[in-house]
Amino acid sequence: MVRDYIEDELGRRSVFKSEHFLSIDYVPEILPHRDSELRSLAQSFKVLIASPGHTSQKFIIEGPVGTGKTAVAKRFAEQMVQAANRRNISLQKLHINCRVNKSTYLVYLKILRAFKPKFPRRGHSPEELLQMITEILDREDQYLLLILDELDYFIRQKGADILYDLTRLTDDRLNAPQRLSIIGVGRQIPLDESLFDQSTLSTLQRNILRFEKYDSKALYDILTERKDKAFLDGTVMNETLQVICDIASERGDARYAIELLWRAGKQADRNGVNTVIPDFARQAKSDTHPELRKEVFTALPIQSKLLLLAAARQLKEVRSAYITMGEVEEMYRTVCEEYGQEPRAHTQVWEWIQDLNAHGVVDTKRSGTGQRGQTTLIGFSDVPAELLEHFLLDLLD
Ligand SMILES: Nc1ncnc2c1ncn2[C@@H]1O[C@H](COP(=O)(O)OP(=O)(O)OP(=O)(O)O)[C@@H](O)[C@H]1O
Ligand SMILES: [Mg+2]
């Protein structure tokens, strides 16, 4: 009998009910263990709705990886918009990832395009864009709640002027409504005096909300919510959730916990069984690494991905913790050939390495004056080279 592979696949049973509840873009309605954080935000921002235009707010959300900073900021902004709409205040929210929009120009362009979607990409200065944003807000009697996510990365690269400029946009105008409020989000926002003017700095220092790592119990509650949405009833053993929480609680990282759960489910499907047993979670742990964050790597340009692939392969080959810049470049040329890309010159490659370093994707350091002479050494914090290689090959597919 001829085997119909497509029908086979389609007819295959799965432990999942809707996988998308485990995807990185999904923001749950309910965020267990973040009540008090959401309440603090509400206390500070309610004035925007209670007396619109009277004042604006600036807030910082800080905390380690996967502690719900982005999820909370997005969910909170959504609720603000709803509350405003119920009172006929036209408040918009906008989430900007400053890792992707990595210059003030691109951030302003993104803001402007929220109001004028077809606004051309080139032809204006950042100051002109800002001016247009102010005019539109005034003309249309709009308020804006801006979430600047991954702001720490941006500030380290470009400084903090963006906060100052955005603040001045409305704050300096006497008797005019203040229309723009900001929530800055990041692991650790460098609030130091050399970067900020005094008044922005003191406002921000008063308004920092720090998220702590989740403990095992909190992770368990978060995972249980997700499991109920994403999996068919009775497919995930309680012990499996326990194992995942134990693994992920070391970092307190909910993203990692959710990824482990998803991978464990995938493993069950691959094995054609309808129970997600603890062993699948343990296996998931060895197939991934919490540092390999898909949304960070996906946002990188292809050339940076190829460069990383080259570094991973070279590290695998030499089996040492660090490789030299020269070694990476040599491997990079081979990888470019493999992918039909034109390799770029040294200065460009060097810039990418600096950029990847700023992203926290690679570590760089100057070599000592040993045999290899003075050069830049490149390594990956604690991701095994082979795992990184597989991860990149998947992405490049
Ligand atoms: N309290 C929570 N309840 C439910 N899901 C949560 C909670 N906290 C985090 N998550 C989920 O965990 C994942 C990671 O959360 P999030 O992206 O908000 O982390 P983050 O603090 O912004 O991390 P990073 O610093 O890496 O940007 C997301 O899928 C998010 O929906
Ligand atoms: Mg985030």
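This is a predicted model: local features need pLDDT of at least 70, side-chain atom pairs count only at pLDDT 80 or more; totals for chains, interfaces and linings use all residues.
User: Why is His33 called partly exposed?

Analyst: A residue is buried if 20 or more other C-beta atoms, placed from the backbone, lie within 10 Å of its own, exposed if 12 or fewer, and partly exposed in between. His33 has 18 C-beta neighbours inside 10 Å, and therefore counts as partly exposed. His33 is found in the loop between helix H1 (5-11) and helix H2 (35-50), where helices are DSSP runs of H or I with at least four residues and strands are runs of E with at least two, numbered from the N terminus.

User: What does His33 touch?

Analyst: Not counting residues up to four places away in sequence, His33 touches Tyr214, Ala218 and Asp221, contact being C-beta atoms, placed from the backbone, that lie within 7 Å.

User: Which residues are closest to ligand 1, and which helices supply its shell?

Analyst: Ligand 1 is surrounded by 20 residues, the closest being Gly68, Lys69, Thr70, Ala71 and Ala254; a residue is near if its C-beta atom, placed from the backbone, lies within 6 Å. Helix H3 (69-86) and helix H11 (254-270) each supply at least two residues of this shell.

User: How do you know that the span of H11 agrees with expectation?

Analyst: The expected span is 1.5 Å times one less than the number of residues. The 17 residues of H11 should therefore span 24 Å, and its end C-alpha atoms are 24 Å apart, which agrees. H11 is also mostly covered, with 13 of its 17 residues buried, and just after H11, Gly272 takes a positive phi of about 65°.

User: Why are the buried residues of H17 said to line one face?

Analyst: Helix H17 (residues 385-396) has Ala385, Leu388, Phe391 and Leu392 as its buried residues. Seen down the axis of H17, these fall within an arc of 125°, so they line one face of the helix, the arc being that of the directions from the helix axis to the C-beta atoms. They pack against helix H14 (302-318), whereas Glu386, Leu393 and Asp394, on the other side of H17, are exposed.

User: What makes strand E4 mostly covered, and which strands pair with E4?

Analyst: In strand E4 (residues 180-186), 7 of its 7 residues are buried. Leu180, Ile182, Gly184 and Gly186 point one way, and Ser181, Ile183 and Val185 the other way. Two strands pair if DSSP finds at least two bridges between them; strand E1 (residues 58-62) and E4 have 5 bridges in the parallel sense, and strand E3 (residues 143-149) and E4 likewise pair in the parallel sense over 5 bridges. Phe59 stands opposite Ile183, and Leu146 opposite Ile182.

User: What makes E6 and E7 edge strands?

Analyst: The open sheet of 3 strands has the order E6-E8-E7, with antiparallel pairing. Strand E6 (323-324) and strand E7 (363-366) each pair on one side only, and are its edge strands.

Key. Residues are numbered from 1 along each chain as its sequence is written. Chains are lettered from A and ligands numbered from 1 in the order in which they are written. Two residues are in contact if their C-beta atoms, placed from the backbone, lie within 7 Å.
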